[in-house]
Structures are given as C-alpha cells and as structure tokens.
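Keep the sequence and the 3D view open side by side.

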Amino acid sequence: MKQVSIIGGGPAALMLAAQIDTAKYSVTIYEKKKTAGRKFLVAGEGGLNLTFSTSEDALIQQYHPSGFMAPIIREFNNQDFINWLNQLGISTFVGSSNRVFPKQGVKPIEVLKTIVDYVAAHGVQFKFNTKWTGWNTQGDLTFENEAAVTSDIVVFALGGASWKVTGSTGSWKSKFEKRHINVLPFRAANCAFGVNWQTDFINIHEGKPLKNIALTFNNVLAKGELVISKFGLEGNAIYALSQKIQDRLLTEKEVIIYLDLKPKMTVNQIRSKYKNARRSKVTDILKNDLNLDRTAIGLLKQFTDKHTFSNPDVLVQTIKAVPVVITLAGPLDEAISSLGGIALDEVDANFQCKKIKNTYAIGEMLDWYAPTGGYLLQGCFSMGVALANHLNSLEG
Ligand SMILES: Cc1cc2nc3c(=O)[nH]c(=O)nc-3n(C[C@H](O)[C@H](O)[C@H](O)COP(=O)(O)OP(=O)(O)OC[C@H]3O[C@@H](n4cnc5c(N)ncnc54)[C@H](O)[C@@H]3O)c2cc1C
C-alpha cells in the first residue's frame, strides 16, 4: 500500500483522514502536540460554530477568493457537513443567526473525540508529540526525536499563525520558502482593530456592546454587533471586514469605517422621528425617541463635532454613518484566523504543490479568507474531503 503522511492534526487533516480510502493507503497523522485539534477546542470556547446555514451560493460568496473555494464547497457543502456529523452521532442545531452549533449540551471535546475515534477506527495511525522539522537532502520528512520518513504522498495541514499555544505557529513558513514556495506574510484576520478612544469615553464604555449595528467599508456592509475594548473594537461586524481593512492598512496609516447605529431605519425615518420628538435636548431625543443607548450616544459624540451634534439634518445622516477611525489591527496571536500563507498559485486545483511532487497543502495554511460564522471550519473540512476524493480517485 502507498504511504500517506499527514502533517498536522487539525480539522482539515482529520477530515482528510476520515475520508481517505484506508484499503488503498496506509495513513499516518503526525501531530506535534500530545492531542489532535487543539485549535478546534479553542474555537469551541465561545460556542463551537461548525458551519453556517444558507444556500450553497451564498455560502461560497463569503470566501475569498470565492473562485478558488467554490468547487471545494460544492464538493462538500454545509448540508453535507451537517449530514456527516449526524451520521457520526453528533446532532446540530441552527442558531438564531443561522450559525450551526452542536446540539445544546454537547461539548466541543465530545465532538472532537467522536471525530478522532472515527478516524482511528477507520485505520489511520496517530503519532502525537511528533514535530515535523523539514526535509532532508533526499527529500524525506524529518521530525524532532524521530527517524526520517519516506512517504509516497505527503499532506501538510499545519494551520495558520494565530493562537500559537494551540500549535498553529506558522513556523513552517521558512521551510517552504527554502523550497522556493511563495508564502505570503501572515496578518491577523477576524481580529480586533485599534481605535484611539477619548479617555472619558473608554473609562465609561469599556466592555460595552453595540448590538444590531452595521458597518460599511469599501462598499462592503457587515451587520452584527461590536464590543468596545480598551484597544478598540471587536465583534463579528468588524471581523467580517477584517481582510479589507487589513489590505487598506498596508498602504494607509488610518482607515475610516462607517458605523450605522440604526440599520433598520432609513435616514428619512430617523429624520421624521427626530422632527416629531417632543423633547428639545439632543441627547434626550437620541435616547428616548431613537432608542440609542449611552454607549452609542457616547460614540456618536466622540466621532462628531459640535456643529454636527447641534444640526439635526447632519446628525441624522451621521447616525447612519458614524466615521470611526481605525489605526491598527490587533495582535496576530489573538486573531481568530490569519491572512497569508501559501499563495494559491503555488498549488493546483487538487492542492498539490506545483514545486514538490506528491506533496499537498490544505486548511488555513493556504492563503484564503472567510469571516467568522462557521465558514472557517467548513472551509477546512471541505478541503479535507476534496483532497480525500482526489487521492481516492488516483490510479495505483
Ligand atoms: C479563538 C478562536 C475561535 C474560533 N472559532 C471558530 C468558530 O467558531 N468557527 C469556525 O469555523 N472557526 C473558528 N476558528 C477557526 C478554526 O479553528 C481554524 O480555522 C481551524 O482550526 C483551522 O484548521 P486547520 O486544520 O487548517 O489548522 P489547525 O486547526 O491550526 O491545526 C494545525 C495543526 O498542525 C499542528 N502542527 C503545526 N506545526 C506542526 C509541525 N511542525 N509538526 C506537526 N504538527 C504541527 C498544530 O499543532 C495543529 O494541531 C476559531 C479560531 C480561534 C483561534
């Protein structure tokens, strides 16, 4: 039987291992940590958002570049993933925001254990505490404290470069660069962004949420919520814009994003509420007639001047587009995912490295982006399936 070595034991690797034909291949997963799926467990800490419930086309649109991800997602979409989990005995439910989670009461560790047990029962060997260190002069895989391994097929699934504690350090970058593979610099994605808050504002509003808001940047609209932190802004609405903001920060020192504090109302509706208000003090109107909370009003004050605040017509427009100045991205290690990694033109449609034969790369180590909402795990699991299908279809 041909040997397949999978390096890294995260979601992409586990799904590949679950789907690969073990009657055809002898498969070993090499994972440097003492257990698999550490980042998967971290992902579960705030609620394990496995995928997103929407149409296949809408799902694909969330990936960048969507052209690269489209065939992968079509091969194993959100419903296929849910069906697969159900077959393993993991029930799921769709939350109010269309995010898909394991059934209430099922812990992320149980989901992970079910998958790992399935992979082991499928005949795949696990080698934990086994850190891949590169290639020797014969092109064999080398490991810390282990003999070199010759393998017919090698699949790298080493993850991105955030949350290093989980094993995803991105330290594989230099090894691939030595093999002349273009690895784009890692940058934080789905991350916090820095705002220079006025001291008075942050002292009162640190930790406060801004719910049911929308953000716009560069013609992209993201609805959701934000949380005010000392550093700046966090939350799904800004995470969804993170790739675009990061790209702009490459060339500009500051980026202005526009915050809509009343996304469900038009400017005209706000204006008429304002005009019909019985109160005269602006803050009272904002609070009582427009239902803006103290944090929203404080933020409006921080990013507007006195003229705006005292001019109802301008103020009404500004409520729909508060210009928030972003100065930098949060630290890479604290980001939910990373931009950068192996450039997509370094691999073919089946994830094979064009410069190293029979060597593949899947998961977050490739340079693609998706917002939070289950898209990241869906993308990694779909890649695992797509590569397994390809390897299973190879002759001999
Ligand atoms: C805080 C947080 C919350 C998240 N929440 C969600 C969520 O709710 N929904 C969602 O879809 N996604 C979420 N994600 C993202 C998701 O967890 C990742 O996209 C996904 O785990 C990436 O999978 P992967 O298989 O590509 O790599 P990883 O999960 O990063 O796995 C890579 C593995 O490779 C191993 N490895 C690295 N180097 C070596 C080496 N030299 N030798 C051997 N092994 C090595 C690592 O130890 C690691 O186990 C979250 C991430 C974080 C950090």
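The end C-alpha atoms of residues 187-337 lie 9 Å apart, and the span is 39% helix and 26% strand. Helices (H or I, at least four residues) and strands (E, at least two) are DSSP runs, numbered from the N terminus. The model is predicted: local features need pLDDT of at least 70, side-chain atom pairs count only at pLDDT 80 or more, and totals for chains, interfaces and linings use all residues. Residue numbers start from 1 along each chain, as its sequence is written.

Now take the domain assignment. Domain 1 covers 2-188 + 334-393, and domain 2 covers 193-329. These bounds come from an automatic or database domain assignment. Taken over C-alpha atoms, the centres of domain 1 and domain 2 are separated by 37 Å. Their contact takes 8 residues from domain 1 and 6 residues from domain 2. Two residues are in contact if their C-beta atoms, placed from the backbone, lie within 7 Å. On the side of domain 1 that touches domain 2, 5 residues are nonpolar, 2 polar and 1 charged. Here Ala, Val, Leu, Ile, Met, Phe, Trp, Tyr, Cys and Pro count as nonpolar, Asp, Glu, Lys and Arg as charged, and the others, Gly among them, as polar.

Next, the sheet. It is open, has 3 strands in the order β7-β8-β9, and pairs antiparallel. Strands pair if DSSP finds at least two bridges between them. Which strands stand at the edges? They are β7 (132-135) and β9 (146-149); each has a single partner strand, so one side of each is left without a neighbour in the sheet. Neighbouring strands are turned by 20° against each other on average, direction ignored. Axes are lines fitted to C-alpha atoms, for helices over the stretch in contact, and angles run from 0 to 180 degrees between N-to-C directions.

Follow the chain through the sheet. β7 and β8 (residues 141-143) pair over 3 bridges. Trp132 stands opposite Phe143, and Gly134 has Thr142 as its bridge partner. The two strands form a hairpin with 5 residues between them; in the turn, Gly139 has a positive phi of about 90°.

β8 then joins β9 through 2 bridges. Leu141 stands opposite Val149. This hairpin has 2 residues between its strands, and Asn145 in the turn has a positive phi of about 60°.
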